[in-house]
Amino acid sequence: MSVPKSASIVIIGGGVSGCAIAWNLANRGIKDIVLLEKDTLANGSTGRCGAGIRMQWAAEKNCRLAQYSVNFFENGNEILGYERDIEFEQSGYLIVAANEKEAEQFKKNVKLQNSLGIPSVYLTPEEAREIVPLIDTSQFVAATFCQKDGHLNPFHTTDAYAKAAERLGVKIFKHTEVIGIEVKNRRIESVETTRGRIATNIVVNAAGGWSKAIGAMTGVDIPTYVQRHQIMVTEPLEPILNPMVMGFSYNIYIQQVPHGSIIMGRSDNTEPLDFRTTSGWKFVEEMTKTCSKLLPALKTANVLRQWAGHYCMTEDAQPIYGPTPGVEGMYLACGFSGHGFMLAPATAQLVSEMILGEPLTIDVSNLDVGRFERRELVFEHSVV
Amino acid sequence: MGDRRITDHPILDFDEGEVIHFTFDGKPMEGREGDTIASALHANGVKVLGYHFKTKRPRGFYCAIGNCSACLMIVNGKSNVRTCTEPLLPGMVVEKQLDRGVPDDV
């Protein structure tokens, strides 16, 4: 099947961001949208992520982006007309503070979150144990909890967006790789793929880990890089851990999925900065140590398997949204640094508004690609 | 017992080990030294080791090398024990597992 000769907008990347952007634009009546994916949908970071959805952030912008997205996911099946279920389970996130300094920051976070209407609460370790009976209260000094946080099925969510987009006329081409982008007079002219050339003036770079390679095709350096992140899974167990448990200085997120398996992940700055998706022993050793410290009962749970995926990182661990200086028609939606899945509805809304020149639902003008050159980085410390 | 055991093998010798007493779902049973829990149960004619937590279909002796999870049972109160590779010890209390189980301290 060859690609159409022309398109109004070409979206590169069949992860949740690309599919959500395609649906959002089509839902506004835009015709002739083409989405290109070099592999299968959700094959990159989306399908390999920890699947957590949370509104408990330290930076107001992230709170707002996440809040917008949670509101969307709560009605996602209906909005997208999905015949299956995106499986949004609002079983909550419990975030533990390992020391007083972190606890002070958490108080500020909750105040900010509450001011925006996010129903998070600040808890003592004893109150936290009422929510997570398995937790060792001697291992942390305070916690925050938000019942409206939870988890969501990445495959179904991407599928829901893709199917809804296709019903609105979006043409999705899987196993179709972008091999070149023609730029004339600093303006996008066409996209060359393994299935033919598409004339277009607008390209959305939602290629995640490959966003840098796509940028390079237009002679622009997109300051993203990939980093491997590993996850491991226990055998399925009876329901014993309801909310996601997370710690920033503990460097852990851990959650029991509906099937019964407990999945957990962490960050490691010594992880390779390339496209490897191999698994390693070091991760299992460190992960099980942290997990057994915080949730001692889990130390006898058997580990079933591991997998790995990539974060598409930026220097300040924040997404890049917006046009590309020097290449008219190239819009960026990349560099999500590990939280692209949970922000997809906001991403879709904002990138669509940027392309159509509409006022932004949430002001993300400081998340432009130019911030790295201007050295106006926007750090968010509440990340694992 | 005995009729399900190989006594005469062209290559391997099977020395009859000491008798080991254990219980299965409350019933007293005998195995032999050198048995795994599942091999002792098999020798006693027990073919159903548990039921799948979701489909409730019976699970039996399958891979016999600790890989497939078909033989997960509760042993001395501990769930998810791979009985096909776990050595049988005197006085073991072995039970069928009907759900996904929980870690020891829960």
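**Reading a two-chain model**

Buried residues make up 51% of the 384 residues in chain A. The model is a predicted one.

Reader: Is B:His9 buried or exposed?

Author: B:His9 has 8 C-beta neighbours inside 10 Å, so B:His9 counts as exposed.

Reader: Which helices and strands does chain B have?

Author: Start by counting the elements, then read their order. Chain B has 1 helix and 7 strands. Along the sequence these run β-β-α-β-β-β-β-β. Chain A, for its part, has 10 helices and 19 strands.

Reader: How compact is chain B?

Author: The radius of gyration is set against the value that the globule rule gives for the chain length. For the 106 residues of chain B the rule gives 13 Å, and the radius of gyration is 14 Å, close to that value, so chain B is as compact as a globular protein of that length. The C-alpha trace of chain B spans about 45 × 25 × 20 Å along its principal axes.

Reader: What is the radius of gyration of chain A?

Author: Chain A has 21 Å, which agrees with the value near 21 Å for a compact globule of 384 residues. Its C-alpha trace spans about 65 × 40 × 40 Å along the principal axes.

Reader: What share of the contacts in chain A joins residues at least 24 apart?

Author: Begin with the contacts between residues at least 6 apart in sequence; in chain A, 74% of these join residues at least 24 apart. In chain B, residues 24 or more positions apart account for 38% of the contacts with a separation of 6 or more.

Reader: Which domains does chain A have?

Author: A domain may be made of several stretches of sequence, as the assignment for chain A shows: domain 1 is 9-48 + 155-223 + 316-374, and domain 2 is 90-148 + 225-313. Their C-alpha centres lie 30 Å apart. The contact between them takes 12 residues from domain 1 and 9 residues from domain 2. On the domain 1 side there are 3 nonpolar, 8 polar and 1 charged residues.

Reader: How do helices α2 and α9 of chain A cross?

Author: Look at the distance between the axes and at the angle. The axes of α2 (residues 60-74) and α9 (residues 344-356) in chain A come within 7 Å and cross at roughly 105°. Angles of 65 to 115 degrees count as roughly perpendicular, and α2(A) and α9(A) are therefore roughly perpendicular to each other.

Reader: Which residues meet there?

Author: From α2(A) come A:Leu65, A:Tyr68, A:Ser69, A:Phe72 and A:Phe73, and they meet A:Ala344, A:Pro345, A:Ala346 and A:Gln349 of α9(A). By class, that contact has 7 nonpolar, 2 polar and no charged residues.

Reader: How many residues does the contact take from chain B and from chain A?

Author: Count each side on its own: 10 residues come from chain B and 13 residues from chain A. The side of chain B that touches chain A has 4 nonpolar, 2 polar and 4 charged residues.

Conventions:
Residues numbered from 1 in each chain as written. Chains lettered and ligands numbered in written order. Predicted model: local features only at pLDDT ≥ 70, side-chain atom pairs only at ≥ 80, totals over all residues. Axes fitted to C-alpha atoms, helices over the stretch in contact; angles between N-to-C directions. Helix = DSSP H or I, 4+ residues; strand = E, 2+ residues; numbered from the N terminus. Parallel < 35°, antiparallel > 145°, perpendicular 65-115°, else oblique. Contact = placed C-beta atoms within 7 Å. Nonpolar A, V, L, I, M, F, W, Y, C, P; charged D, E, K, R; others polar. Domains from an automatic or database assignment. Rg over C-alpha atoms; globule rule 2.2 N^0.38 Å. Buried ≥ 20, exposed ≤ 12 C-beta atoms within 10 Å, placed from the backbone.
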